[in-house]
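Keep the viewer open and try each task before reading on.

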Amino acid sequence: MNNMNQMMKQVKKMQEQMMKAQEELGTKMIEGTAGGGVVTVIINGHKKVQSIAIKPEAVDPDDVEMLQDLVLTAVNDAMSKAEEIANKDMGKFTGGMNIPGLF
């Protein structure tokens with residue numbers, strides 16, 4: 001019985017640490033870029049887009065598709081970096097296991 005109480009305390013402590021780590025993840029800002037930095041996307045650790053910056057030289061009214069591709073590439077770059085950071089930060093709790101939907 002004593003072991004069970006001790007185990008429950010450890011589980012509760014780990015849950016608290018995971019919640020704190022997830023909160024901290026949300027405060028991290030991750031930058032993704034494309035086209036040598038003409039398009040920059042900032043997302044937070046919860047993968048929410050915070051800002052998009054487009055330099056004037058990236059805007060060509062005759063080639064809107066290029067700008068769309070640059071924005072898409074910058075968003076995907078930021079998302080990949082956020083995923084790496086989340087896996088690194090939360091991996092210490094999951095032992096490296098990728099648990100879908102956890103973060």
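**Exercise 1.** In this predicted model, work out how D77 and K81 are placed relative to each other in helix α2.

*Solution.* Start with the contact: D77 and K81 join their side chains in a salt bridge, at 3.3 Å from N to O. That passes the cut-off of within 4 Å. Next, look at the spacing: the two residues are 4 apart in helix α2, so about one helical turn separates them. Finally, check accessibility: D77 is partly exposed at 23%, and K81 is partly exposed at 35%.

**Exercise 2.** Find which parts of the chain the D89 and K28 pair links, and decide whether D89 is buried or exposed.

*Solution.* First, the side chains of D89 and K28 form a salt bridge of 2.4 Å, N to O. The two partners lie in distant parts of the chain, 61 residues apart: D89 belongs to helix α2 (residues 64-94), while K28 sits in the loop between α1 (2-27) and β1 (29-34). Then apply the cut-off: buried means under 20%, so D89, with 17% relative accessibility, counts as buried. K28, at 32%, counts as partly exposed.

**Exercise 3.** Locate E83 and K47 in the chain, then classify their accessibility.

*Solution.* Begin with the salt bridge between E83 and K47, whose closest N and O atoms are 2.4 Å apart. This pair also links distant parts of the chain: E83 is in helix α2 and K47 in the loop between β2 (39-44) and β3 (49-54), 36 residues apart. E83 is partly exposed at 31%, and K47 is partly exposed at 26%.

How values were computed. Residues numbered from 1 in each chain as written. Predicted model: local features only at pLDDT ≥ 70, side-chain atom pairs only at ≥ 80, totals over all residues. Heavy atoms only, no water. Buried < 20%, exposed > 50% of the residue type's maximum accessible area, 1.4 Å probe, protein only.
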